[in-house]
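Trainee: I'm new to this one. Could you take me on a close look at a single part, the place where the two chains meet?

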Amino acid sequence: MPRAERRMVPDVTPMSYYGQPVLKAPTWKWPIAGYLFTGGLAAGTSLVGASARIRRDRRLASAASAATLCALGASSAFLIEDLGRPSRFHHMLRVVKVTSPMSVGTWIFSLFSALAGASAAAEVGERAGVPERVARPAAAVAQVGSALVAPALATYTAVLVSDTAVPAWHDARRQLPWLFAGSATASGGAMGVVLSAALAPCGGGAFAAGPRRMAVAGALVEVGADEAMHRRLRSINTGDVAKPSVDSAYATGQPRRLARAARACTVGGAAAVALAGRRDRPRTRLIAGAGALSVLSGAALQRFAIFHAGRASAADPVYTVGPQRLRLVPPAGQP
Amino acid sequence: MTIIDRSSTGTDVTLAGVGTPAYDREQRVGFFTDTSVCIGCKACEVACKEWNDVPADGLEFLGRSYDNTGRLSADTWRHVAFVEQPVATPETQAVSGMRWLMSSDVCKHCTSAACLEVCPTGALFRTEFETVVVQQDICNGCGYCVSACPFGVIDQRKGDGRVWKCTLCYDRLRGGQTPACAQACPTQSIQFGPLEQLRERAATRVDALHQQGVADARLYGEDPADGVGGFGAFFLLLDRPEVYGLPPDPVSTTRDLPGMWRMAGAAALGMLGLAAGSLLEGGRRA
Ligand code: SF4
């Protein structure tokens, strides 16, 4: 039915009780947004590490392994810090529940950490005197194992935030896994570029070709999924004049600023990574490294944008009640 | 009268509350909150606080009619809403007076309870009465249930860190008693009993109101086919749910979970392929 023939008189029934939100504000604070980034970073970096291990580039493999552990350390700190009762964090381990993405995620995180930790331990062991023929295969198997779990670690967090009543998260449930996967891939590749630049391999030819390709491809997926997400959110009408769709949660304030900065950092950084470093020279290494840092910032900002847009959409009853009301009484069928 | 338990003294405990039907263990019980007879006395709020030892939630002056409680929270498990509405004469549309809508809100004890489903510790569980309760010795305050509840019921208690909400007086149910709020309600606006009976009673009541000319009377949450599988605590409202601060078409977020897992699985495989394609391509060292 054409737009002009739809409901003429706006629905004047208030959207809520004294304008109060229908939903409770998420109790999650910034560490959770931080974890969305560091978890993806750990996953992406472990993929770089495993491929370096397969290609027998032991310096990059060890560096990536160390970076993965750092990202994991930050992740654990963020996750535990955000609990209302941090001393009870181990209660997460008393059940396995497929209906709870947080429970599934706890087990994915634990498995990934165990493998990444084992790989690093084997390397330390080698230095401490464990025979090479034991330590090296152990490190390699654990590192490749962690890389196989990594995609699950990077994408379960999308299900974690989508499986809520928060409109800007739940309504983006089909796009968020791709966004998170792309963003984690970009972060991993970018970390690979940064590590390669720091290790300064001198061999001529292309500089960190694999991680560079990975960073650019990940950034493309991230930006594409982000576009798809906004298109989806724009299609969910609220019936409100000032905030016409759920995407309006991204239209003002912090979510808008963060989303814009994220896009600029990701696109600019990916371009720099793609263009610089085709020849291995100190200057191009520097530019590619800076681009990689920009891609990393973009990924972090993107997670914070999503986090804050979710909070904004939960705080305003229009995003909760509007689409539900239109679902019950579609505008065209209005008596 | 059904014998529902045996007390410590050996005498049979039966249920004899006014207007409260007998119930057995293993039977789904709930509330039918008939807001058309609510007088806004807040006896339910007080009784709930008293019985459950719920801490004070601050002294706020909200200036919203007679409601200074505001909302359900970790420290408010029953909340009486006061809506003041101008009433117009149908013929002239001129405002001819005011009406008060009062409604005592509570946890819905959803059939498909998102809070319970997403809880990663198993602290939230379903009791033998099919109510939804938090085990306070298990909860670690992850806050997932808070974002999952489509009604904004459950919340974290400040300074305590754990989440709290209505237990439908689990302790009283086990003792064969009526929950405190329903016991205290002087108008039987809050009715407690086996859910099946409450649904029948609600259908009769809404028909009666329609016959008396209250065309706006409607049931909210009585339908097991709704987005949360029906409420264990449902309502009779005199206006649209959103007017009382209730979502008009709540859906349990976990309904879409299988699709979300599938999409995440696809994205995970895509990520693995993307990484392998870009990292392992070419023979030279990366
Ligand atoms: S109303 Fe909210 S807190 Fe109560 S059972 Fe349903 S989802 Fe859980």
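Mentor: Let's start with a term: buried area is the accessible area (1.4 Å probe) that two parts lose on being put together, summed over both. The size of an interface is often given in just that way, as the accessible area lost when the parts come together. Before the numbers, a word on what you're looking at: this is a predicted model, where local features need pLDDT of at least 70 and side-chain atom pairs count only at pLDDT 80 or more, while totals for chains, interfaces and linings use all residues. Residues are numbered from 1 along each chain as its sequence is written, chains are lettered from A and ligands numbered from 1 in the order in which they are written, and side-chain values use heavy atoms, with hydrogens and water left out.

Okay, on to the interface. Chain A and chain B bury about 6400 Å² between them, and 59% of that is on carbon and sulfur atoms. On the chain A side, the residues that lose the most area to chain B are Tyr17(A), Lys24(A) and Arg55(A), together 14% of what that side buries. If you count contacts instead (heavy atoms within 4.5 Å), 78 residues of chain A touch 78 residues of chain B.

Now for the polar side of things. A polar contact is a pair of N or O atoms within 3.5 Å; within protein, one must be able to donate a hydrogen and the other to accept it, and residues adjacent in sequence count only if both atoms are side-chain atoms. By that rule, 34 residue pairs are in polar contact across the interface, both partners at pLDDT 80 or more.

Which parts of chain A do the touching? Helices here are DSSP runs (H or I, at least four residues), numbered from the N terminus. Those of chain A that each supply at least two residues to the side touching chain B are H1 (30-54), H3 (101-127), H4 (132-162), H6 (176-199), H7 (209-234) and H10 (317-328). H4(A) gives the most, with 10 residues. Sorted by class, that side of chain A has 43 nonpolar, 19 polar and 16 charged residues. For that sorting, Ala, Val, Leu, Ile, Met, Phe, Trp, Tyr, Cys and Pro count as nonpolar, Asp, Glu, Lys and Arg as charged, and the others, Gly among them, as polar.

Last, the salt bridges (a side-chain nitrogen of Lys or Arg within 4 Å of a carboxyl oxygen of Asp or Glu). The rule finds 4 of them across the interface. One to look up is Arg85(A) with Asp160(B), where the closest N and O atoms are 3.4 Å apart.
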